[in-house]
Amino acid sequence: MKAKLILLTLIFVLGGLIPTRAQNIVTHKLTAWTTGTHTLWDGNQVEYWGFGKGFLKPPSFPGPTLYANEGDSIIIMLRNQSQGAPHTMHWHGMDVNQANDGVPQTSFVFTHMMDSTYNFRAPHAGTYLYHCHVATVVHVQMGMYGNFVVRPADGSQRAWTNGPPFHQEKVWLMSEFDKSWHDNPPKHNQLDSLYENFHIPKYEPDYFMVNGLSHQQLPDSGTSIYAQAYMNIYVRLSNIGFLLNRIHFPPALNAQVISSDGRPLPNALIQDTLMIAPGERYGVMLHPTTEFLDSVQVSYLDMNTLVPRDTEWVRVDIKGFVGLNSPIEPEVILFPNPGNGSFSLSWQGLPPGQGQVECFDLHGRKMQTFTRNFAHAGTDYFEISDLTPGIYLIKIRVAGKEICKKMLVEGR
Amino acid sequence: MKKYSILILFILLGQMTFATRVSYTLYLNPGTFLAVDSLTFPAYAFNLTGTYNRTNAVLKVMKGDTLDLILVNTDTLPHIFETRGMGVGQVTLPPLGTQSQSIPCPDFGVFPYLDVQDFPKYQAMGAAGMIVVREAGNFKEFYWNVREYQKDWNEDLSLGLPVVWNEYYPTYFTLNGQGKPDIPGDATAVVTGNVGDTIRIYVMNSGLSVHSLHFHGYHATIKFALSDPEKTNWSKDTVPFKTLSTKVLEVIPDKPGMYPVHDHNLIAVTGGGIYPNGIFMMMQIQ
């Protein structure tokens, strides 16, 4: 009895001394701009405000998806290059403390040429948003938002820590533009005051987007689902627009709604239609069991009348079967392209294993090498700083397979 | 042995809650809505007096109680009183007439009541409130009735003119009848408390639009959801409300601070087209 007591005491004391997990510090550098230009599906150009990944890196629309693992200490370093407009960053759903909440009245703002820092701990693994909270209705409509994905503590491809695993992951951020607001922003001058009341025009959106893209822009953007039957495909859906999203999955995808707002659902819902209100996020696990070609319908409903304003179609192409010799060639999509040097790769059909992603300029000079563990299918993000505008070659090498993609880096 | 039996009986009696009858006199009042920009328009509300007040009354009972209502129509037009989710029928209210209704309240939750005459005419004009059936417990409780108004619709509807329902574009967004600058004065709405408190917020969307309430700082657990019960026990930071839907949200703050709660249809954070306004409030946790 006494020996058992001593043993238990030892376990308790020593257990307290052993850290459960080495603490990681994840730093993201961002720059806020009011000078972005985005090409819409019909060729129209629209001005937007947004965030660039890296100091003085040009903005992307939507903002870059940020990643961390549950429990990581996150440091966000920000530079404001907005020629007058103050900004904040609100970590939507991450339940940070007041000082880091990004609300002008209770936290802090950063003005032109000012550097600021947010510090917080990555919460539960899940899907979150970030957006500017200054004159929120305007700054959000102008494009100052993006997704924040928190992976499980071990960084594994699971929906949450010890949650269901997936082969492939998609991040879909839905929003709309009312172009008239962008042509003449309700609040856009050097005398922007934080607390001043101001008039906003009637909201009549005319562009409806998934990850900033619509119509024919979507199929080759990395938003589409290219996968094999019997894969688990995890789709992270967020709505940062001012309309209600109705998502309709083809029944053959066997959609299961398993999480919302960064938390697992106590009761997973098996349903092929999902409504997502502004600010909500959902995690949907897809598990096709047959080959097919179809689309996910993303509809945008008026919040006052529920009248659909638009439907976008996101391609779904299920070819081959996991575990069998795949009849399809490995496929890699690089996006955004053109971009600013930071890019994502979405792939399927690669042999699993450790591989390299190398960046070369047109003179054959190697600019950077990344080493990654490749699953059969997946998506990953790569950041290269200080690339001058021009054409680069991105070479993916894994287990004897080699794929080369061309990347155009644009000037600001 | 006898002594112990008496003791046990006393303990059991102490734990029992006794069903009671709770009486309210509820007036349906026509009146004039004073908007945040000082504009006015005709509106209706259910109040506890015969004078129009833009805040619809919250009728509170305990689970198991019976709600005895005396319904007074102060309008010169007929109306129809209806509750949702309570299992009782409609009550026709003749012009300037009085009726009564008894409503058993066996289940915990929030249940809408409204005027369904020429539905949804009078709902659009403001006449919809909530019956809150509470559970016993040590809760800090708050009440949010969110909705919106389209001024010219209220004007047309009050004149008996038709409106095109699928062209609804409201410009006033309210919580308990008030927009942002006035909400801080409503102690029944503004969430205050301490770290570790169990805060319960009884919420109803009495408008026609969908509202999407976003909490800063904390997730809320859905303890009751009338129209989408599959969401019970979900933990959310953003909670949508369809028309006439209700929820009971529970927040247990884990840190102090001032955190906003606002509609994330950001158009609803305006009033009369002016930002900031509308459905926005600050939670204050010590």
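Colleague: Which residues are buried in helix H3 (residues 151-158) of chain B?

Modeller: Buried means that 20 or more other C-beta atoms, placed from the backbone, lie within 10 Å of the residue's own. In H3(B), that goes for Trp153(B), Asn154(B) and Leu157(B). This is a predicted model, where local features need pLDDT of at least 70 and side-chain atom pairs 80 or more, while totals for chains, interfaces and linings use all residues. Residues are numbered from 1 along each chain as written, and chains are lettered from A, ligands numbered from 1, in the order written.

Colleague: What covers them?

Modeller: Among the covering elements of chain B are strand E2 (40-47), helix H2 (121-124) and strand E10 (140-149). Helices (H or I, at least four residues) and strands (E, at least two) are DSSP runs, numbered from the N terminus. After H3(B) comes Gly160(B), with a positive phi near 80°.

Colleague: How many residues does each chain bring to the contact?

Modeller: Contact means C-beta atoms, placed from the backbone, within 7 Å. Chain B gives 36 residues and chain A gives 34. On chain B's side, E19(B) (257-263) supplies the largest share, four residues.

Colleague: Which strand of chain A pairs with E20(B)?

Modeller: Pairing needs at least two DSSP bridges. Strand E10 (residues 198-199) of chain A runs antiparallel to E20(B), over two bridges, and His199(A) stands opposite Ile274(B).

Technical notes
Two residues are in contact if their C-beta atoms, placed from the backbone, lie within 7 Å. A residue is buried if 20 or more other C-beta atoms lie within 10 Å of its own, exposed if 12 or fewer, and partly exposed in between; C-beta atoms are placed from the backbone.
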